[in-house]
Amino acid sequence: MKKTLLSVFLVLFLLSSCKQEKKAPEGPTQMQQVMAVHDEVMPKMGTLGKLVGELKSKVDTTETGRQYEAAMKDLQVANTAMMDWMMAFGNRFDSDEILDGKELSEEKQRWLDEEETKVNALKEQINSSIKKAEALLATE
């Protein structure tokens, strides 16, 4: 009886030790990467507003004035795009999914793939509109 009991414990021990441990993913998760892009561009929203203010006073009917107006509109479109993206993202994912790494359904994983593409395009839009406005203002 002791040998049988010992054998059962030994088998159970071996089986439990053979199970693969679930390892934490190495590096940031896709959700963390998306949020990192958001966190990178969000502080630039103040720069957008500041540049719009600087450009607004320079808009007139001259060719240069129209360039200022175009740059200002690019900044405003980028600002609106950021606000729209944040609203849509918040409607798709809950705080546990965003902040705590809650597992996503297949549908939500597809959404996250879409959102990653969108936030990277948004980053480019914001950065390029700022660069364009700053370059235009630097030529004064």
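Me: Which helix gives the largest share of the lining of the largest pocket?
Reply: H2 does, with four residues. Keep in mind that this is a predicted model.

Me: Which helices each supply at least two residues there?
Reply: H2 (30–41), H5 (95–99) and H6 (106–138).

Me: What volume does the largest pocket have?
Reply: About 310 Å³. Its lining counts 15 residues, and the closest to the centre are Thr29, Met31, Gly101, Lys102 and Leu104.

Me: Switching to packing. At what angle do H2 and H6 pack?
Reply: About 25 degrees, and the axes lie 10 Å apart. Angles under 35 degrees count as roughly parallel, so H2 is roughly parallel to H6. The crossing of H2 past H6 is left-handed.

Me: Which residues meet there?
Reply: On the H2 side, Gln30, Met31, Gln33, Val34, Val37, His38, Glu40 and Val41. On the H6 side, Gln109, Leu112, Asp113, Glu116, Val119, Asn120, Lys123 and Ile126. By class, the contact of H2 with H6 has seven nonpolar, five polar and four charged residues.

Me: Now H2 and H4. Roughly parallel or roughly antiparallel?
Reply: H4 covers residues 63–92, and H2 packs with H4 at about 150 degrees, axes 12 Å apart. Over 145 degrees counts as roughly antiparallel, so that is what H2 is to H4. H2 passes H4 in a left-handed crossing.

Me: Who makes the contact between H2 and H4?
Reply: Met31, Val34, Met35, His38 and Val41 come from H2. H4 brings Met82, Trp85, Met86 and Phe89.

Me: Last pair. How far apart are the axes of H4 and H6?
Reply: 9 Å, at an angle of about 160 degrees. H4 and H6 are therefore roughly antiparallel to each other. H4 also passes H6 in a left-handed crossing.

Me: What classes of residue make up the contact of H4 with H6?
Reply: There are 19 nonpolar, three polar and seven charged residues.

Me: Back to Met31. Where does that one turn up?
Reply: Met31 is among the lining residues closest to the centre of the largest pocket. Met31 of H2 is also in the contact with H6, and in the contact with H4.

Definitions and conventions
Residues numbered from 1 in each chain as written. Predicted model: local features only at pLDDT ≥ 70, side-chain atom pairs only at ≥ 80, totals over all residues. Heavy atoms only, no water. 1 Å grid on protein atoms, 1.4 Å probe; cavity = no way out; pocket = protein on both sides within 12 Å on 5 of 7 lines; lining within 4 Å. Points joined across faces, edges and corners; volume = space filled by probe spheres on them. Axes fitted to C-alpha atoms, helices over the stretch in contact; angles between N-to-C directions. Parallel < 35°, antiparallel > 145°, perpendicular 65-115°, else oblique. Left-handed = near helix turned anticlockwise from the far one by under 90°. Contact = heavy atoms within 4.5 Å. Nonpolar A, V, L, I, M, F, W, Y, C, P; charged D, E, K, R; others polar.
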